[in-house]
Amino acid sequence: MKHPRALPYLFFSEMWERFGYYLMIGIFTLYLKDVKTGYGMTEAESADLYGTFIALVFLTPFLGGLLADRYFGYRRSIIAGGLMMAAGYCLMAIHNTAMLYTSMSLVIVGNGFFKPNISTLLGNVYSTPQFKAQKDEGYNIFYMGINLGAFICNFFGAALYIMLGWGYAFIAAGIGMLIGVVVFIIGTKHYIAFDIKKGVSKDDMSITRIVLLILLPSVIAGILGWLLPGSLFGSDSTDAFIFACIPVLYFYGSLYFKAEASEKRPIAALLAIFAVVILFWAVFKQNGSALTTWADRYTNRSLEGTTAKVFDKLSLAQTIPYKKDSVALYDQQFRLQKENGVILKEFNYHPYFRNLNEEQKPAEGSGVMVWATNLSQSINPGWVILLTPLIVALFTWMRNRNREPSTATKIAWGLFISGLSALVMVAAVYASNNGAEKASLWWLVAGYGVITVGELFLSPMGLSIVSKLSPPRITSLMMGGWFLSTSIGNKLSGVLATMWDQYEHKANYFWLNFALLMAAAAMCFAMLKWLNGILRERGL
């Protein structure tokens with residue numbers, strides 16, 4: 001009640017948009033690896049495509065933010081982006097490789113128009129003196145809307161793909177996105193006054209120059225990266241992505257050198273923050289790849305008694321028969337075996353039983369009921385919903401006593417706390433004897449719980465600090481820069497996940513994650529005095 005009336009509409013628009021996106025992401029790698037009705041990809045193949053996809057999803061906000069700032073405005077960009085994403089999700093229901101890439105392209109472009117502009121519009125709503133002090137709090141509440149959608153979507157996704165197949169789950173994602181667009185249109189009167197195009201200043205590059213000097217070179221560089229013999233960074237798609245990013249990174253660097261003197265330090269601070277948070281996203285975004293694999297292959301998903309009946313009634317579980325049949329061949333590390341691109345078969349039990357304790361295996365010919373793997377994707381947003389009110393209350397309590405940390409300090413602590421989550425998964429590996437026995441679900445719950453605390457210190461604060469420090473004429477463009485850092489981190493998450501099969505002892509994989517996040521935290525703490533000085537200069 002103490003916040004702008006626009007907040008509920010933006011909250012629910014984003015909630016439904018995230019419902020669609022995370023429903024799709026929650027089943028994406030499972031669908032790609034499904035040897036019966038999916039594409040039968042290996043862990044590395046699915047992780048590489050997943051990483052490239054979510055990287056491009058967060059790369060296009062660079063362009064979407066730019067076009068909204070200068071030409072289209074925020075409302076039209078948000079609506080157009082939402083409609084493209086809805087179409088993309090629905091087209092994923094068509095099982096065809098060409099259609100898969102077409103639908104992915106629609107989601108990539110649509111998110112570019114939707115994501116940076118709804119976040120910028122929210123920041124504009126909080127730009128008035130009445131609400132300026134509540135901006136961090138507003139972004140925290142908005143962030144809970146994101147995670148409310150991310151939490152509930154997986155239950156719909158699980159029920160639909162179990163009962164009807166993958167295609168119906170993708171269509172549900174499209175319907176959710178359409179609901180988000182409708183909610184946004186209904187609330188127009190509450191934010192129309194804040195939909196102000198910034199135009200082009202004398203120092204800004206024209207759109208023609210951006211196309212010729214940034215976008216066209218990005219496309220050419222990406223093609224060259226793809227065509228290079230061998231793979232410099234692990235795969236052709238990774239090479240292409242990294243090469244394509246170079247001109248975009250150059251553009252953001254040019255913003256600093258061409259800015260007026262009063263704008264240089266705030267832009268430099270934002271670029272520094274963008275750089276360090278890349279490593280956070282590289283670890284955090286493994287929820288759809290490596291951590292989904294951990295849930296699917298290494299976590300005990302068996303259900304019994306009343307719980308089994310409830311999950312079965314809600315179509316959130318499926319029964320795996322305990323009898324030998326022709327199944328895909330996996331080695332002891334659950335690596336799918338292929339020969340000349342063809343999946344090898346063996347006459348054996350379902351792979352789920354390979355690391356299930358003997359006393360937990362059912363009688364021959366019967367079966368075991370397991371909860372749907374994609375439900376593990378709701379653990380993180382579930383924690384966000386539970387913890388957001390506590391984090392908001394903590395910072396409000398500290399603010400009332402003039403002890404609230406700066407936004408930059410919150411981000412630094414967020415990186416450190418996130419790193420501790422990797423230690424939880426290291427313990428999970430040892431507790432399960434390196435996957436020789438299935439691990440308890442509580443390891444995943446605990447790991448997600450720790451990284452969620454770090455996320456709440458970092459992610460909504462990132463959106464807030466961009467809104468605070470960006471020069472008004474390039475606010476949405478700098479929001480695109482935040483998502484560019486997310487994009488690079490997302491791609492790195494895919495690169496890391498492709499290495500999952502290379503680690504015989506999975507603890508070493510999580511030790512790598514720990515090292516990356518501790519390095520990022522150390523860099524952020526080292527810059528803290530400088531960052532806080534810039535925030536004080538801006539009266540923040």
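A residue counts as buried at under 20% relative accessible area, as exposed at over 50%, and as partly exposed in between, using a 1.4 Å probe and protein chains only. The model is predicted, so local features need pLDDT of at least 70 and side-chain atom pairs count only at pLDDT 80 or more, whereas totals for chains, interfaces and linings use all residues. Residues are numbered from 1 along each chain as its sequence is written, and side-chain values use heavy atoms, with hydrogens and water left out.

- D48 lies in helix 2 (residues 43-59); helices (H or I, at least four residues) and strands (E, at least two) are DSSP runs numbered from the N terminus.
- With a relative accessible area of 17%, D48 is buried.
- Leaving aside residues up to four places away in sequence, D48 touches S235, S237, T238, K491 and T498, a contact being heavy atoms within 4.5 Å.

**Cysteines**

- A disulfide is a covalent bond between the sulfur atoms of two cysteines.
- With the criterion of a pair of cysteine sulfur atoms within 2.5 Å, a search of the whole structure finds zero disulfides.
- The closest cysteine sulfur to that of C153 belongs to C90 and is 15 Å away, which is too far for a bond.
- C153 is buried, at a relative accessible area of 0%, and C524 is buried at 0% relative accessibility.

**Packing of helices 3 and 8**

- Helix 3 (residues 61-72) packs against helix 8 (residues 207-227) at an angle of about 170°, with the axes 12 Å apart; axes are lines fitted to C-alpha atoms, for helices over the stretch in contact, and angles run from 0 to 180 degrees between N-to-C directions.
- Helix 3 is therefore roughly antiparallel to helix 8, given that angles under 35 degrees count as roughly parallel, over 145 as roughly antiparallel, 65 to 115 as roughly perpendicular and the rest as oblique.
- Helix 3 contributes F62, L63, L66, L67, R70 and Y71 to the contact, and helix 8 contributes I207, I210, I214 and L215.

**Aromatic rings**

- Rings of Phe, Tyr and Trp (its six-membered ring) pair if their centres lie within 6.5 Å; planes under 30 degrees apart count as stacked, over 60 as edge-to-face and the rest as tilted.
- By this rule there are 34 aromatic pairs.
- One of these joins W16 and F19 in a tilted arrangement, 5.1 Å centre to centre with 55° between the planes.
- W16 is partly exposed at 21% relative accessibility, whereas F19 is buried at 5%.
- Ring pairs also link W294, Y298, F334, W500, Y503, Y509 and F510 into a cluster.
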